[in-house]
Amino acid sequence: MKFSEIPYERLDGDAAAEKFHELIQRQKQAASGEEQFAIHKEYYQLSNHIMTCRELAMIRYDMDMTDAFYEKEREYYDRLEPELKNLDNAYHKVLFESPFRPYMEEKIGKVTFKNMELALRAMDEKLIPLCQEENALTSRYTKLIATAKIPFEGGVYNLSLMRRFMTDSDRSVRRRAWQAVSGYFMGVTDEIDEIFDAMVKNRTEQARKMGYENYIELGYCRMNRNSYGRAEVESFRRQVKEFIVPYVAGLQEERRKRLGVETLSYVDQDMYFAEGNPKPVGAPEEILEAGKRMYAELSPETKEFFDFMMEHGLLDVLGRKTKRQGGYMDYLPEYRFPFIFANFNGTSGDVDVITHECGHAFQGYLMRDEEIREYADITMETAEIHSMAMEYFTEPAMEKFFGARADDYRKMHLEDGISFVPYGCMVDEFQHIIYEKPELTPKERKGVWKDLEREYRPHIDFEGDPFFGEGGWWQRQGHIFQTPFYYIDYCLSTVCALQYKRMMDADYDKAWQSYLKLCRLSAKKFYVPMLQEAGLESPFADGCIRKLCR
């Protein structure tokens, strides 16, 4: 069956709730660990059904955010999800407090029980109305960004489709494109401020209802920070400031010379070569076909995976004006389908989809037959290693996409990966400040971002742009709105992916076997022991970042 042929039926919320209540009662009455695990397998069926119904509706809405039917379905799940999450927690609370917990820990893992503890600390019935409001605010922001209509050079484009003009080899075209995007955001910045202000107040109220001083600790629980906390993240950011920020300053100076400009402007932010960035050769269908050949050559496992994705129509990658911006991998457990959503726009980012999102999907494919569903419930700092490392493992095949400019792509990709880390840390520090001081005004929040720009990205000249130059950049970073505190996961995983880059330069086959091992370990172990077993160093370890820079 192809993805397009999957029938959709709205989840019956009342029936799902009734099944939860039944499973909870039976778990309470279970006479042994064996009986509890048998009931737990029924929970898997219920959970898989809920997730499949919800994600199918969400994906189809993202494909066309003007689709009135699926917009209503999204609103339905925005209201229903907190209620089901609360029932899910009630179910897991029985297992968490069960006299047969040792047996269940042996069956589904100690990591699972730590995640249960975090989930119980992150949700309560009294939060349901606030969570529903939070979901509605997130959907409002997402639709506002996805439905942007930006007039440019005789056409009208959304933000994803503007990227090809924002990375044009002609600096004057880039400048006009960035100014057009800035103009769009100037027109909606007050609305975004209103949405985010309501989000901050909402999340802060949720946190205080749960007994926390502010949203930070609640946010960490919701991100399943089961192996580290705020202190480790702050230490990581300090090391980034000490070693990576000055290292990146050197890379930026090299880039400035390559571009032949006196100073690096914000309109040069994504430019690496004076003649223009390398672009993939061929139409989208040819890029997908090149991806198929690449994965066939990489390994038997990747060949089987990508053939499966193509056969079942599990890549929706063409950019469309009414499509949500960005890209992601999702999973439909009842069909055991990974699914990739993206927006091809004629830039090197199209190839990044075939590597990055396929890294996520490949790991999901490897785990699709795992009986213990919790082993596939990876935390995001682990999930992003799978995707970012795949970007490097596929680098030897870049001639398939870029022809004679493959080396240019490899250089750009490595510089971009390293330069990303300070930006990602800036996003993380911004969120910590914002949620620590929820009383800040929208203007003060922009001031916080502007100050952090000077600390993390001092090389950029914003040329007095009224939006980007006045601390507005963060409003285009969807993670800040949709998944608070996610962004540091990209930074941690970049450090791990760069370790793989270093490892594969020395012994590619050894590095690939380590990567397969990491993918299959999935969520069976906690973060640092899992990295150690795969032969990687923890990004938190003293000296890890210093050695990487050297």
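Leaving aside its neighbours within four places in sequence, which residues is Y500 in contact with? They are I385, A389, F393, A511, S514, Y515, L518, A534 and L536, where contact means heavy atoms within 4.5 Å.

## About the model

This is a predicted model, in which local features need pLDDT of at least 70, side-chain atom pairs count only at pLDDT 80 or more, and totals for chains, interfaces and linings use all residues. Residues are numbered from 1 along each chain as its sequence is written, and side-chain values use heavy atoms, with hydrogens and water left out.

## Overall fold

Let us start with the whole chain. Its secondary structure comes to 22 helices and five strands; helices (H or I, at least four residues) and strands (E, at least two) are DSSP runs numbered from the N terminus. The radius of gyration is 23 Å, close to the 24 Å that the globule rule gives for 550 residues, so the chain is as compact as a globular protein of that length. That radius is taken over C-alpha atoms, and the rule is 2.2 Å times the number of residues to the power 0.38.

Along the principal axes, the C-alpha atoms fill a box of roughly 75 × 55 × 50 Å. Among contacts between residues at least 6 apart in sequence, 76% join residues at least 24 apart.

## Burial and the core

Of the 550 residues, 59% count as buried; buried means under 20% relative accessible area, exposed over 50%, and partly exposed in between, with a 1.4 Å probe and protein chains only. In soluble globular proteins, nonpolar side chains tend to be buried together.

Here the largest nonpolar core has 183 residues, and Y500 joins M162 and F236 as those with the most contacts inside it. Such a core is a set of buried Ala, Val, Leu, Ile, Met, Phe, Trp, Tyr and Cys residues joined through side-chain atoms within 4.5 Å. Helix α8 (residues 171-209) gives the largest share of this core, 14 residues.

## A buried asparagine

N135 lies in helix α6 (residues 128-146) and is buried, with a relative accessible area of 15%. Apart from neighbours within four places in sequence, N135 is in contact with D78, E81 and P82.

## Two loop residues with positive phi

Most residues other than glycine have a negative phi. R336, not a glycine, has a positive phi of about 55°; R336 lies in the loop between β4 (328-332) and β5 (337-344) and is partly exposed at 34% relative accessible area.

F485 has a positive phi of about 70°, and is not a glycine either. Its place is in the loop between α18 (478-482) and α19 (488-506), and F485 is buried, with a relative accessible area of 0%.
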